[in-house]
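This report sets out selected local features of a protein model.

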Amino acid sequence: MSENREKAAADFREEIKHAFEPGAKVMSADRELRYCLELQRNRISKRNLKYTEEMVHKGPFPDGLKNVRSWRDDHYEASWTVDYIDHNTTIEREGLKTYTHSERQAIYETLVDVRDGEDVSGDDYCCPNCGAVSTIAELQEGCRHCGTSFKMSELYPKVANYFYVYDVSGRAENMWLTVLKYGVYALPVNILMCLYVLYTSYDMKTPMDYLLHPDMFIRMLLVIGIMLPIFGYFAWIFDAFRIAASTTPVLFETANARKKFASKMSMFCPEFIFESFAARMVSLLKIVAFSDNRADLPSYAGKDLGNAFDNVVDISFLGAMSCKSVREKNGIVYVTGDVYVKTARDMGDRIKIKNEIYRIKAGRKREAMFDTGFSISKIQCPSCGASFDALKTSKCPFCGSDCNLENNDWVVYDVRNVGLEILIKRLLIALVIIVFLCIGIANSDLPELFGSIMSRYG
Ligand SMILES: [Zn+2]
Ligand SMILES: [Zn+2]
């Protein structure tokens with residue numbers, strides 16, 4: 001089983017590089033992720049954009065790191081696989097300011113697998129419509145002879161989610177290079193400190209002083225050279241700290257979310273992994289955002305979103321999701337959570353990148369929380385008998401009739417951008433803390449202390 005997992009993870013890293021090329025199929029992804037990549041590919045081609053992704057494996061681990069973390073319940077196991085890459089993205093179109101972004105990143109893949117499940121992907125299956133024999137794996141995107149679509153259990157292991165994080169530490173062999181690079185950035189500070197020491201200790205003020213004492217000038221260059229990696233090291237630590245500080249709050253959100261989700265969800269269904277749920281929410285957000293026909297989308301039952309997502313050409317998950325509430329009503333379990341993403345929007349003349357937070361309310365029938373064991377059946381329109389992919393539309397594409405095929409999967413009931421709301425809330429909290437601090441200081445002995453120091457030197 002673990003061989004299959006490694007293969008799925010490695011296949012995904014290959015397939016994702018070409019995911020936006022015409023006709024691409026990312027078969028290592030689960031069907032929701034596959035569908036959102038397909039919708040995104042359509043959005044990009046509709047906007048005539050040329051979207052190029054280049055990912056070059058880098059770093060000391062030739063196959064990346066497997067199983068860096070894993071979570072399991074009675075039926076499923078989810079794990080993270082990490083690889084280190086140089087990631088270059090280019091978005092081009094005539095009249096558009098070309099967008100390029102290059103970053104050293106770690107790519108995280110959320111791999112989901114069934115525990116003790118049997119692998120049926122290689123089994124033969126006879127198409128009930130045309131009689132052709134295919135393997136189960138070949139039928140995932142429908143019968144290639146007659147186009148019949150099937151409703152079948154997911155063929156695990158599959159990649160359910162992926163995200164990129166800025167890599168500050170993954171490459172041991174580049175340590176010296178990194179330190180020297182940061183040393184060059186810190187050169188102005190280095191030189192200023194050297195000049196200051198020479199000025200205070202040896203009274204070297206003007207350029208003339210240095211001409212008269214060339215030995216001091218050489219000494220200064222030597223000291224700068226010695227200090228370069230030391231300054232570089234501190235600058236690097238500071239930068240890594242800055243990046244970590246900007247991502248830590250969202251990581252805390254996820255750590256809390258996992259606990260909250262698990263304790264609340266246990267009332268309805270004890271076995272449920274937060275990672276696979278988070279993966280599903282991200283896929284659903286993307287499906288809703290990239291869909292041009294939300295009214296017929298079986299996974300969306302919310303209000304009309306207007307053109308809020310029309311110019312979005314990329315949504316990348318930032319690796320964090322929080323859980324706000326879990327409730328049950330009329331046999332449906334509703335979960336509300338915030339998903340942290342980075343969006344790329346096509347503004348016509350340029351691409352706009354923004355960090356956004358979306359609050360998603362999704363629900364699933366309580367009795368449908370689990371389906372174990374493999375099943376496959378033909379999907380058929382009750383009116384005209386045609387077959388179509390029920391994940392993509394609830395309206396028969398042939399006769400147009402509404403096919404309320406039973407939906408046992410997650411459905412999104414509401415999506416809204418809460419970035420501003422959360423920002424204002426955080427600012428208010430900061431303000432309250434500052435006010436209390438000020439009151440505290442005003443009531444303490446500190447003002448008098450400052451006053452006495454000021455009067456002594458003033
Ligand atoms: Zn067939
Ligand atoms: Zn029909």
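The paragraphs below describe surface patches, aromatic rings and backbone geometry.

The model is predicted: local features need pLDDT of at least 70, side-chain atom pairs count only at pLDDT 80 or more, and totals for chains, interfaces and linings use all residues. Residues are numbered from 1 along each chain as its sequence is written, and side-chain values use heavy atoms, with hydrogens and water left out.

**Surface patches**

Patches consist of residues with over 30% relative accessible area and no salt bridge, like charges being joined within 9 Å and nonpolar side chains (Val, Leu, Ile, Met, Phe, Trp, Tyr) within 5 Å. A salt bridge requires a side-chain nitrogen of Lys or Arg within 4 Å of a carboxyl oxygen of Asp or Glu. Accessible areas come from the Shrake-Rupley method with a 1.4 Å probe.

Glu118, Asp119, Asp123 and Asp124 make up a negative patch. Asp123 belongs to the loop between strand E4 (99-114) and strand E5 (124-126); helices (H or I, at least four residues) and strands (E, at least two) are DSSP runs. Leu423 is part of helix H8 (residues 419-442).

The table lists relative accessibility, where buried means under 20%, exposed over 50% and partly exposed in between.

| Residue | Relative accessible area | Class |
|---|---|---|
| Asp123 | 41% | partly exposed |
| Leu423 | 49% | partly exposed |
| Phe274 | 4% | buried |
| Phe277 | 2% | buried |
| Asn48 | 60% | exposed |
| Asn330 | 75% | exposed |

**Aromatic rings**

Rings of Phe, Tyr and Trp (its six-membered ring) pair if their centres lie within 6.5 Å; planes under 30 degrees apart count as stacked, over 60 as edge-to-face and the rest as tilted. The structure contains 18 aromatic pairs. One of them, Phe274 with Phe277, is tilted, with 6.5 Å centre to centre and 40° between the planes. These two residues are separated by about one helical turn because they stand three residues apart in helix H7 (residues 274-290).

**Backbone geometry**

Most residues other than glycine have a negative phi, and most peptide bonds are trans. Asn48 has a positive phi near 60° and sits in the loop between helix H2 (31-46) and strand E1 (50-57). For Asn330, phi is positive at about 50°; this residue occupies the loop between strand E9 (312-329) and strand E10 (332-346). The peptide bond from Tyr156 to Pro157 is cis, with omega near 0°, and Pro157 lies in the loop between strand E7 (150-152) and strand E8 (158-166).

Definitions and conventions. Chains are lettered from A and ligands numbered from 1 in the order in which they are written. Lys and Arg count as positive and Asp and Glu as negative; His and the chain ends are not counted. The place of a charge is taken as NZ of Lys, CZ of Arg, CG of Asp or CD of Glu. Buried means under 20% relative accessible area, exposed over 50%, partly exposed in between (1.4 Å probe, protein chains only).
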